Amino acid sequence: MKVLFSPEVEDYLFELSETLYKKGYFGFKDSAVAYVRNLVLEIKNTLPISTKRPAPPYFERYRKNLYYASFRTNKNSQWYAFFPPISKITKQSTWFAISAIIT
């Protein structure tokens with residue numbers, strides 16, 4: 001199974017490590033980058049087997065008919081990845097296209 005991120009989500013994740021470092025959530029920039037990298041890996045590795053739920057109507061601002069899955073990065077942080085129903089199914093693979101990610 002393959003997990004893809006929209007360009008907006010990729011931009012958000014790129015900026016996230018900088019924001020986490022500047023706001024003092026991490027003392028070292030490398031730690032903030034590692035946190036985001038681990039979040040991306042967690043999503044890629046576990047989304048295909050995670051419980052997927054229909055997103056509440058509030059999240060239609062990102063896109064209509066979304067589903068979401070949650071990911072806990074530590075005891076204080078939980079992230080939500082939003083995606084349309086399985087985007088593409090072929091004999092070789094299933095693709096998930098992440099439309100938004102929030103905490």
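Modeller: One caution before we start. This is a predicted model.

Biologist: Why is serine 77 called buried?

Modeller: Set the value against the cut-off. Buried means under 20% relative accessible area. Serine 77 has 17%, so serine 77 counts as buried.

Biologist: Where is serine 77 found, and what is serine 77 in contact with?

Modeller: Serine 77 belongs to strand β4, residues 77–83. Leave aside its neighbours within four places in sequence. Then serine 77 is in contact with Tyr35, Phe71 and Arg72. Contact here means heavy atoms within 4.5 Å.

Biologist: How do you know that β3 and β4 are paired?

Modeller: Count the bridges. Pairing needs at least two bridges between the strands. Strand β3, residues 67–74, has seven bridges to β4. Therefore the two strands pair. They run antiparallel. Serine 70 stands opposite tyrosine 80 in β4. Tyrosine 67 has phenylalanine 83 in β4 as its bridge partner. A hairpin through two residues joins β3 to β4.

Biologist: And what makes β2 and β3 a pair?

Modeller: Two bridges join them, again antiparallel. The rule asks for at least two, so β2 and β3 qualify. Arginine 53 stands opposite tyrosine 68 in β3.

Biologist: What holds paired strands together in general?

Modeller: Strands of a sheet pair through backbone hydrogen bonds.

Biologist: What is the order of the strands in the open sheet?

Modeller: The sheet has four strands, in the order β2-β3-β4-β7, with antiparallel pairing.

Biologist: Why are β2 and β7 called edge strands?

Modeller: β2 (53–54) and β7 (100–102) each pair on one side only.

Biologist: Which strands does helix α1 touch?

Modeller: Helix α1, residues 7–22, packs on the sheet and touches β4 and β7. Its direction makes about 30° with that of β7. Helix α2, residues 29–46, lies across β3, β4 and β7. Helix α2 runs at about 135° to β3.

Biologist: What makes a group of residues a nonpolar core?

Modeller: The members are buried residues of listed types, such as Val, Phe and Leu, joined through side-chain atoms within 4.5 Å. The largest core has 21 residues. Those with the most contacts inside it include Val3, Phe5 and Leu13. Helix α2 gives the largest share, six residues.

Biologist: What is leucine 13 in contact with?

Modeller: Again, leave aside neighbours within four places in sequence. Leucine 13 is in contact with Phe5, Val36, Leu39, Val40 and Ile101.

How values were computed: Residues numbered from 1 in each chain as written. Predicted model: local features only at pLDDT ≥ 70, side-chain atom pairs only at ≥ 80, totals over all residues. Heavy atoms only, no water. Buried < 20%, exposed > 50% of the residue type's maximum accessible area, 1.4 Å probe, protein only. Axes fitted to C-alpha atoms, helices over the stretch in contact; angles between N-to-C directions.
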